Amino acid sequence: MQRIVDNALAVTKESVKTLTYESLNNVARCINGVSALLLTLLPGKSNILEGLHGWELRPTLRGPRLPRWMHNGVSSFNHFIHELSVDSDTSSLEYSSGDDDSDGMSTPPSPLSQTSLRSWASLPANYESHWTEWITLIVWWVLLPARILLWVPLSLLRFVGRRNSRMSPMSPGRYGHSSRPYFSKAIPGKEHDVPNRTTDRRRGVIEDLQLGIEIFIEAIFDFFHKAAHLLFSPSETFGIVLSWFSSPSHSHISKGNYREVSDDVIVQTATLGDNDSSPTERTTMSLYNTDTRTCQDVITELGYPYEAIRVVTSDGYGLLLERIPRRDARKAVYLQHGVMDSSMGWVSNGVVGSPAFAAYDQGYDVFLGNFRGLVSRDHVNKNISSKEFWRYSINEHATEDIPAMIEKIHDIKTSELILYQPAMEEVVKEEQPYKLCVVSHSLGGAAVLMYVITRKIEEKPHRFSRLILLSPAGFHDDSNLCFTFMEYTFLLLSPVLSRIVPAFYIPTKFFRMLLNKLARDFHNYPAVGGLVQTLMSYVVGGDSSNWVGVMGLPHYNMNDMPAVSFRVAQHLAQIKHSGKFKMFDYGSSSANMEVYGSPEPLDLGEFYGLIDVPVDLVAGKKDKVIRPSMVRKHYNVMRDSGVDVSYNEFEYAHLDFTFSHREELLAYVMSRLLLVEPTQTQTVHKKAMKLKKKTETGKPRL
């Protein structure tokens, strides 16, 4: 009788799992189909999606694809990682194929990501059988009276189940207490650990629903299995009930034994965590399964050296300056990201397609700057309010963040060069012993220009030898209708909005986790992803950047993400409205007078003559966020001011400068870096000399 009941429960359980799984998949396919229909009706989608590969309308339930730099890379290292990831990727198996488990373990193959395998490894071994006969419906109704009869002792049986699970924590037959699969999956060999950490293995929302529903069904049927076992084993049931009324000393000994077993398990886990950090990482991934890799993870996983430097600005903000160090190099490059971005953008394309790695391979000491503005809010004042923390504009990026990081770079390079080359000590006293170039993108370009000009006005060294500005912000008078609408919204409603919305970011961990997982669903269901990509492109005027792909980057995770303060957005609106590259307008003549020494904020375009280093401007012909006409305005003003400036255009959209593998852009940037030569004297244009004389009498204060 026990065997009949077990078989009936197994058949019913697997049928319910299959039914729920297929139902959820059909709903997802329906959503993907509706998205495909809507996508066919939207105009201009071909231009928006032309640079994105794999946006077929049919849903793909395969595992996450490898990054493009792994497929197209030319190095043996990339080929090595690609082969290992293909060999170890079990996430592409179909749900019903239970015979293809390569490692011989009873891990349920499914379309879910590989990071969920460890949490599934403790499920019963009969999970792999998926019976779909319609007879299971009849079995459900046959068992219904028995379930009603068993409802009375439910509370007692629940305590019995808990007690049995505690008495045998190492038993592999119990759900949630199988230690052998846990350790075998938590500590794989290095050859299998590299692709798992380098490749995106997170689950999407649909896959999480599948996992949650199946775990719930498993728990329900596990309970009924235990209940039936106790019902048909009266002697065992009587022994359990009798143990409840046993002597206190026996109970104390049992508790002591339980503690001993539990302590053994805890010690074993802690030891493994100390020897190998992967168990800790994968435990976190098994709970939420979000991609929380940092720039450090990407750099070190690819075999490059890494150094993290904490920089504190004069107004108390904590910044992260990251480095791929070449300590004895006399040439360095500083890379500065744009809005809603971080240093991850400079390494996101891996070895072959990332500017940071390309510069390091060319012999540069690479520094990756990060602006203030992370949701984690790093500040020396731990009790600072949200309103006060987000009270900054582009001015603070240029006059606080960049100066703090550049001076830290100068201190580090000077001390290291003296250490490695003692004869350099006399040179340091006379001139800068190294050459520092800057590569910046979007808002980072505007901040770099503002930094150079303000440092020249203050008669302080900016320490740069060359500026390479990729689609720099600063002039926005040729923006599209959406940006014009946002301009007037910020200008008209800023007194109210600034009190309600101090910054723009996803406020809670749950919604940040949801965004991280939706990015995976957009890849698994390409029509949905294509629809979202097209709609987001409409918002920014038809820019064909891979907006959906950027949403899936690890720096948008549940724990942290880059944000934009209200004042930064307001500052951009002021620049667009005035048609000039100006510093932040504080709203009154008295406030501006206190900061700048004049009733109006400084027009930086008038001070372009102070720029005393070569500038390379790069624009994207497909860039609809910062159009080529805006970049050309920088070029025209600089050329008229006597700046050594060059201008070039590529067939790129706005985000292609950092998040896409563009070999011709890397070749161009590297060629401009190699043009840097030691300069004996710094020349200042005649107009700059007049400005300098003017500032001696009425010098702007910054």
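## Close-up views of a predicted model

**View 1. Helix α10 (residues 205–231) packs against helix α11 (residues 234–244) at an angle of about 100°.** The two axes are 6 Å apart. Angles of 65 to 115 degrees count as roughly perpendicular, so α10 and α11 are roughly perpendicular to each other. From α10, the contact uses His229, Leu230 and Leu231. From α11, Pro234, Glu236, Thr237 and Ile240 take part. Sorted by class, this contact of α10 with α11 has 4 nonpolar, 2 polar and 1 charged residues. Like every view here, this one shows a predicted model.

**View 2. An open sheet is built from 8 strands.** Follow the order across the sheet: β1-β2-β4-β3-β5-β6-β9-β10. The pairing is mixed. At the edges are β1 (307–312) and β10 (645–650). Each of these edge strands pairs on one side only. From one strand to the next, the twist averages 20°.

**View 3. Strands β5 (residues 435–441) and β6 (residues 466–470) pair side by side in the parallel sense.** Their pairing runs over 5 bridges. Which residue of β6 is the bridge partner of Val439? Look for Ile468.

**View 4. Ser348 sits in the loop between β3 (331–336) and α15 (350–353).** A polar atom of the Ser348 side chain lies 3.4 Å from the backbone oxygen of Gly345. Now find His661, which is 313 residues from Ser348 along the chain.

**View 5. Lys582 lies in the loop between α25 (566–578) and α26 (589–596).** Is Lys582 buried or exposed? Its relative accessible area is 17%. Buried means under 20%, so Lys582 counts as buried. Which residues does Lys582 touch, not counting residues up to four places away in sequence? They are His571, Ile575, Glu600, Pro601, Leu602, Asp603 and Leu604.

Methods
Residues are numbered from 1 along each chain as its sequence is written. This is a predicted model: local features need pLDDT of at least 70, side-chain atom pairs count only at pLDDT 80 or more; totals for chains, interfaces and linings use all residues. Side-chain values use heavy atoms; hydrogens and water are left out. Helices (H or I, at least four residues) and strands (E, at least two) are DSSP runs, numbered from the N terminus. A polar contact is a pair of N or O atoms within 3.5 Å; within protein, one must be able to donate a hydrogen and the other to accept it, and residues adjacent in sequence count only if both atoms are side-chain atoms. Axes are lines fitted to C-alpha atoms, for helices over the stretch in contact, and angles run from 0 to 180 degrees between N-to-C directions. Angles under 35 degrees count as roughly parallel, over 145 as roughly antiparallel, 65 to 115 as roughly perpendicular and the rest as oblique. Contact means heavy atoms within 4.5 Å. Ala, Val, Leu, Ile, Met, Phe, Trp, Tyr, Cys and Pro count as nonpolar, Asp, Glu, Lys and Arg as charged, and the others, Gly among them, as polar. Two strands pair if DSSP finds at least two bridges between them. Buried means under 20% relative accessible area, exposed over 50%, partly exposed in between (1.4 Å probe, protein chains only).
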